[in-house]
There are 2 protein chains.
Amino acid sequence: MAQMAELVGSYAGEVTVPVPGADSMEAILDLLRAGGGRITTSRRLVVSALLGLRGHITAEEMCVLVQARAPDVVISTIYRNLEELERLEVIDRTQMAHGPATYHLATAAHGHLVCENCGSITELPSEAFRSLADTARRRHGFTINPGRFAVTGRCAACQ
Amino acid sequence: MAQMAELVGSYAGEVTVPVPGADSMEAILDLLRAGGGRITTSRRLVVSALLGLRGHITAEEMCVLVQARAPDVVISTIYRNLEELERLEVIDRTQMAHGPATYHLATAAHGHLVCENCGSITELPSEAFRSLADTARRRHGFTINPGRFAVTGRCAACQ
DNA sequence: CTCTATGCAAATCTTTTGCACGAAC
DNA sequence: GTTCGTGCAAAAGATTTGCATAGAG
């Protein structure tokens, strides 16, 4: 998030296209509208909950939050809302070891993909490191620091 | 266990305890026997299937393989066998995005955890990078190279 | 008015669990 | 003989789907 601010800060303020993920209510609603989607109460509440969240959330937890303001919303609607937001790349879905999947805004970039060939840098959300971090901790008691190291490989252009 | 894995490289070849993962039929069966476990037909077949496998496998796929030789083995037994092998750290379990979890031998180490503080190096199985690799490819068309970069952080001793 | 999203209920898929019996040691 | 693992059946947990209707544009 801090890194993100740094990198984004070098642009002028004109950019309205959310890259890589939308992070404001209006930007996300516009994304939903873009493909003929409609803005419903449940969608507004789901997006609102996501924006007011620092971490991840399960579909069931989201359902509880949404139902606090719209009791009639049912969990299958929550799943459909989250599925659509994932399709739009507004959120990422992470399958937990045993329990349910968790969802989170796809904005905060913490890791970096560095191309061995052209040196280009691509930001990667910290959630992408969750599984790696879990394995390192569980098997070795090692705490990784995704913001500190570069993940090397070949970018799309240099394959 | 975690500490042992870190130190393995500095020992001479006398060590017979399989660290970090067992990779031969007898070594794994010994591990099962160690805690009072028993060697049954289904366990033998599950271990055999794992050893003759290059990649990952789901519980259901494993069940099919085992049933080819022992038709009466039921899938709950497969789950229990896999759970036990995971507990013994013979295999790793990876929860797939949507479908079922997959299991694979925890032997091949490809990545490295490097402690920022003491510089110690711990090997990490390439499977630990699966989720990271999938995200990088799916979202950015980027192919990571787990063997080439160091994952930094704090080791158990330097927390 | 048209077409999408929702509520509700049921289905599906994966994994877990209780229990009595059979097998390993 | 004791203890552990298995088969069977049922439960549990998470997610998806069909369908009629309400609601957004």
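Which residue of β3(B) does B:Thr94 stand opposite? In this predicted model, in which local features need pLDDT of at least 70, side-chain atom pairs count only at pLDDT 80 or more, and totals for chains, interfaces and linings use all residues, residues are numbered from 1 along each chain as its sequence is written. Chains are lettered from A and ligands numbered from 1 in the order in which they are written, and side-chain values use heavy atoms, with hydrogens and water left out.

B:Thr94 stands opposite B:Thr102 in β3(B). Helices (H or I, at least four residues) and strands (E, at least two) are DSSP runs, numbered from the N terminus, and two strands pair if DSSP finds at least two bridges between them. Chain B holds an open sheet of 3 strands in the order β1-β3-β2, with antiparallel pairing, in which the edge strands, each pairing on one side only, are β1 (57-58) and β2 (91-94). Strand β3 (residues 102-105) of chain B is joined to β2(B) by 4 bridges, and the two run antiparallel, while β1(B) and β3(B) pair in the antiparallel sense over 2 bridges. B:Tyr103 in β3(B) has B:Ile57 opposite, and B:Arg93 also stands opposite B:Tyr103.

In chain A, the axes of helix α3 (residues 41-51) and α5(A) come within 10 Å and cross at roughly 65°; axes are lines fitted to C-alpha atoms, for helices over the stretch in contact, and angles run from 0 to 180 degrees between N-to-C directions. The contact (heavy atoms within 4.5 Å) is made by residues including A:Val46, A:Val47 and A:Leu50 of α3(A) and A:Ile78, A:Leu82 and A:Leu85 of α5(A). The residues of this contact divide into 6 nonpolar, 3 polar and 2 charged, where Ala, Val, Leu, Ile, Met, Phe, Trp, Tyr, Cys and Pro count as nonpolar, Asp, Glu, Lys and Arg as charged, and the others, Gly among them, as polar.

A residue is near a strand if one of its heavy atoms lies within 4 Å of it. DNA strand C is surrounded by 21 residues, of which A:Arg38, A:Ser42, A:Arg43, A:Thr77 and B:Tyr79 are the closest. Of the atoms of DNA strand C within 4 Å of the protein, 67% belong to sugar or phosphate and the rest to bases. A polar contact is a pair of N or O atoms within 3.5 Å; within protein, one must be able to donate a hydrogen and the other to accept it, and residues adjacent in sequence count only if both atoms are side-chain atoms. The largest share of the surface near DNA strand C, 4 residues, comes from α5(A).

Around DNA strand D there are 20 residues, and those that come nearest are A:Arg38, A:Tyr79, B:Arg38, B:Ser42 and B:Thr77. Sugar and phosphate account for 65% of the atoms of DNA strand D that come within 4 Å of the protein. A polar side-chain atom of B:Arg38 lies 2.3 Å from a base oxygen of DNA strand D, and a side-chain N or O atom of B:Arg43 is 2.9 Å from a phosphate oxygen. The surface near DNA strand D receives most from α5(B), with 4 residues.
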